[in-house]
Amino acid sequence: MRVDLSNQVALVTGAAGGIGHAAARALAENGAQVIISDIDAAAAQTAAADIPRSVAVRMDVSSEREVEDGIDRLKKEFGRIDILINNAGVNTKYRVTVDQFPIAEWDRIIGVDLRGVFLVSRAVSALMVAQRSGRIINIASVAGLVPLRLQCAYTTAKSGVVNLTRTMAIELASMGLTVNCVAPGSTLTAMTEPVFYSKDASMAERARRLIDHIPAGRIATTEEVAHAVLFFCAPLSAYITGQVLCVDGGWTAGGYLRDF
């Protein structure tokens, strides 16, 4: 897919690796000036060195002060932001029921995965409203549509992102903005590779069970998720807003793969 994003400025949060890095690359390859934002400044610099037409900035999306100061600096440097990809997110190693879930972990995950999307969207949408144009794409998860056991904070945050997307879409449509959501299923990244390709027998069996529930029979690549992001940025997608696009190999289509 080729999209003309020439003369457009795109901000991608959590773009030092994984889906964010792939999305940043896709936008740059289609002509956008890309701002790679990440809480890890060194990793953001490394990513920017690997992607044409990109610069790196450090930003903790859970910090109101950092977000507001960071967006103010970007406004002064670039004058505008045309595309925002809210990708920054975290999960946890804890796999316990809600009665045992650590409050600190709840606050951390909600702070980045949901509050972060709100804070960055709040700051950037103000610029876009003044421009009377803009595209916001939030990266949620299939967990935002179908609850997962033992991940109460993550599923709550991602379901919040889904409905925040819809809320922003209906609030901002008359001002020339579109707001959409990409909901990836299992995706191969540096963080998930140990899960799907572990030499540990129990982890390998868990990975097999996960893949068995995906009709496509495999997990996604980051490039496939980035392609969905690019679709929402395309000029011909200007009439699409408030939508959730699952990139999950059919996992949320419903039903069971096994025969009864």
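1. Residues are numbered from 1 along each chain as its sequence is written, and side-chain values use heavy atoms, with hydrogens and water left out. Because the model is predicted, local features need pLDDT of at least 70 and side-chain atom pairs count only at pLDDT 80 or more, while totals for chains, interfaces and linings use all residues.

2. Helix H4 (residues 103–131) packs with helix H5 (residues 152–172) at an angle of about 15°, their axes lying 8 Å apart; helices here are DSSP runs (H or I, at least four residues) numbered from the N terminus, and axes are lines fitted to C-alpha atoms over the stretch in contact, with angles from 0 to 180 degrees between N-to-C directions. H4 is therefore roughly parallel to H5 (angles under 35 degrees), and their crossing is right-handed (the near helix is turned clockwise from the far one by less than a right angle).

3. The contact (heavy atoms within 4.5 Å) involves, among others, Trp106, Ile109 and Phe118 of H4 and Tyr154, Val161 and Met168 of H5. Its residues divide into 15 nonpolar, four polar and two charged, where Ala, Val, Leu, Ile, Met, Phe, Trp, Tyr, Cys and Pro count as nonpolar, Asp, Glu, Lys and Arg as charged, and the others, Gly among them, as polar.

4. The crossing of H1 and H8 is right-handed.

5. On the H1 side, Gly18, Ile19, Ala22, Ala23, Ala26 and Leu27 meet residues of H8 including Glu223, Val229 and Cys233. This contact of H1 with H8 has ten nonpolar, two polar and one charged residues.

Terms used. Helices (H or I, at least four residues) and strands (E, at least two) are DSSP runs, numbered from the N terminus. Angles under 35 degrees count as roughly parallel, over 145 as roughly antiparallel, 65 to 115 as roughly perpendicular and the rest as oblique.
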